[in-house]
Amino acid sequence: MAAHEEHHVVPKSVYFAVFTALIVLTWVTAWISTKDLGSSSLNVAVALSIAVFKASLVVLFFMHVKYGTKLTKMIVGIGIVWLLMLLFIVMIDFWTRTWMGVAGR
Amino acid sequence: MTTATPPVKEPKNYLNAEHGLRSWLLTQDHKRIAILYLIAVSAFFVVGGLMAVLIRLELATPAGDLMDSNTYNKVFTMHGVIMIFFFLIPSIPAILGNFLLPLMIGAKDLAFPRINLISWYVYMLGGTFGVIVLLSGGVDTGWTFYTPFSSSYSNGYVVLTALAAFINGFSSILTGLNFIVTVHRMRAPGLTWFRLPLFVWAHYSTSVIMILGTPVIAVTLFLLMLERGLHIGFFDPAYGGDPVLFQHLFWFYSHPAVYIMILPSMGVISEVISTFSSKKPFGYTFIAFSSVAIAVFGFLVWGHHLYVSSQSAYAGMVFSILSYIVAIPSAIKVFNWAATMYKGSVRLEAPMLYAIGFIGLFTVGGLTGLFLAAMGLDVHLTDTYFVIAHFHYVMVGGAIMGYQAGIHFWWPKIVGRMYPRAWATVAAILTFVGFNLTFFPQFILGYLGMPRRYHVYPPEFQVFNVLSSAGASVLGLGYLIPAIYLIWSIKNGEPAGANPWGATGLEWQTSSPPPTENFEVTPVVTTEAYDYTALTLTTQEVTHVG
């Protein structure tokens, strides 16, 4: 019974709100890609930030992680840590490639 | 008047519970799904093996007299793609893991039986694409799909091959997910984490890699398809991409994938060594946690595949140190297996011969990996036959020897019949001898400078290549003989009984073959894992009563 009591029923309005937010943010991503924010890095940073926010909405609400158990949240957390680890270690390569003053080294 | 003796009715088990093709193709029984995998994976092993035969025939002479360069490129690529994605990765988890995990933890099935069946269909779909590629003319990129050759220049069916591996990855993820949830949620009463068989620990660790690593290769192959099909720049400098980024993303999965292949094999070896030494594994906790450590550290070493790319030397140093560290948990296992055998009642049955072979060959494979983890030496050895020899010692000498040990160990449980033990002993010895004859000369070839992926080579290398090709024929015999006697034993073998080896796991406490629901009543675990004293007591009691 405990499992049934823990099951969280999400109101439809929440799903519609999240869906609307995702559509609006998709439009914002497309719109902002046509604007020059001063540097291409800034454009990429803004686009990625919007994408991360949208992904968070999907994970939290559509995938019910917000209402999930601690174990579920921990599993999702491990996935995020793993992704950050991949990105960080790859960036160690990119950041230090030119330190020796030889191309590619 | 004579009275006909009524045929002895075989007790109901998962094999005779239902009949007909439909009962197999729609089954949700983990044991039947394991058999489906066994058939499919074995078929791919035969195809991949035939590619190996072609390679070794071509390399028997220095001239390219059997096929042209382009065909040779396609043959070694298909050998790698099929053997890695369609044989090695699913072999032990999808066959032995599927069959045994619920039995070992006292459960009726895996947590998600339907997802288990779906995983097989997804595997078959990926495999179908692989076969279509093969029949259409193949692909020539090598199994590593390195860019920009794969994304811009190759004339082969790159997208279709990448799609095959991409789809196959989902099968892997589904299996890993099922195993993790099953181990967490479905253990029998009293079966605490530290009472679990080491096979289960190994498969749990493997599942973690499957879930955390496989999505990355899926994304990478998807990006490759986008670049090749739509010219969106990710990896090709011509489109503003970085080819080394592909290597980073590819090896982030593909190095841990080596542990997807070897960890389940290590799980098998722990069970076999313990059973045939009649002794609890030395350092159970260390072996269990070394599996977890391999799963974690295995993710941090991928850059040792990139030493000769334009990867930063500083990043290379970090990867080099981490690569040495990952050798420690592997060494812990090897020492603990040796210590388990020490003063044990060692029985040299076929599974044990394979297991001992595994220890020797994996040790050679692991130690030569340290050569390749050294940044300076790797410059000399990269893309030579030394690398080929190293990873075949790990994947064939390690993973496949472990697979064979497992198949020989649990075959009586799977089909309920015993195979001819003398033939199994012959096969194990042939495999060991044939393997070493095939791959040891390749260490020398590589050290002398013979590059991989060439079908024409200087005449002075011929003697080692002939030794290698001769060894491959012995190795082939070592694989063919078990295929014959195992199939033969299904109908003709002696009935095996529930526990023919005197092993301790829960899977040996049910009948062979097991009933559909695995156990008549849910077992309650009251002893530690590998408690041979309890087993002896039970056997004595049974003997006394009998």
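Tutor: A nonpolar core is a set of buried Ala, Val, Leu, Ile, Met, Phe, Trp, Tyr and Cys residues joined through C-beta atoms within 7 Å. Buried means that 20 or more other C-beta atoms lie within 10 Å of the residue's own; exposed means 12 or fewer, and partly exposed is in between, with C-beta atoms placed from the backbone.

Student: OK. Which residues touch the most other members of the largest core here?

Tutor: That core has 155 residues, and the ones touching the most other members are Ala162(B), Val200(B), Met261(B), Ile269(B), Val272(B), Ala355(B) and Ala405(B). This is a predicted model, in which local features need pLDDT of at least 70, side-chain atom pairs count only at pLDDT 80 or more, and totals for chains, interfaces and linings use all residues. Residues are numbered from 1 along each chain as its sequence is written, while chains are lettered from A and ligands numbered from 1 in the order in which they are written.

Student: Which helix gives the most to this core?

Tutor: Helix α3(B), which contributes 22 residues. Helices here are DSSP runs of H or I with at least four residues, strands are runs of E with at least two, and both are numbered from the N terminus.

Student: Is α3(B) enclosed or open?

Tutor: Of its 36 residues, 32 are buried, so α3(B) is largely enclosed by the rest of the structure.

Student: Where is its kink centred?

Tutor: On Pro90(B), where α3(B) bends by about 55°. The bend is the angle between axes fitted to the seven residues ending at a residue and the seven starting there. Just after α3(B) comes Gly106(B), with a positive phi of about 75°.

Student: Back to Ala355(B). What is it in contact with?

Tutor: Apart from neighbours within four places in sequence, Ala355(B) contacts Ile269(B), Val272(B), Ile273(B) and Ala405(B). Contact means that the C-beta atoms, placed from the backbone, lie within 7 Å.

Student: How many helices and strands does chain B have?

Tutor: Chain B has 16 helices and two strands. It has 546 residues, of which 53% count as buried. Among its contacts with a separation of 6 or more, 84% are between residues 24 or more positions apart. Its C-alpha atoms fill a box of roughly 80 × 50 × 50 Å along the principal axes.

Student: What about Gly316(B), buried or exposed?

Tutor: Gly316(B) counts as buried because it has 21 C-beta neighbours inside 10 Å. It sits in α10 of chain B, residues 313-341. Beyond four places in sequence, Gly316(B) touches Gly303(B), Tyr307(B), Gln311(B) and Met375(B).

Student: Different topic. Which residues does a cis peptide bond join?

Tutor: One joins Thr147(B) and Pro148(B), with omega about 0°. Pro148(B) is in the loop between α4 and α5 of chain B. Another cis bond runs from Ser512(B) to Pro513(B), with omega near -10°. Pro513(B) is in the loop between β2 and α16 of chain B. Most peptide bonds are trans, and most residues other than glycine have a negative phi.

Student: So what is the phi of His231(B)?

Tutor: Near 60°, a positive value in a residue other than glycine. His231(B) is in the loop between α7 and α8 of chain B, and it counts as exposed because it has 12 C-beta neighbours inside 10 Å.

Student: And the phi of His64(A)? What is that?

Tutor: Near 65°, again positive and again not a glycine. His64(A) lies in the loop between α3 and α4 of chain A. With 13 C-beta neighbours inside 10 Å, His64(A) counts as partly exposed.

Technical notes: Contact = placed C-beta atoms within 7 Å.
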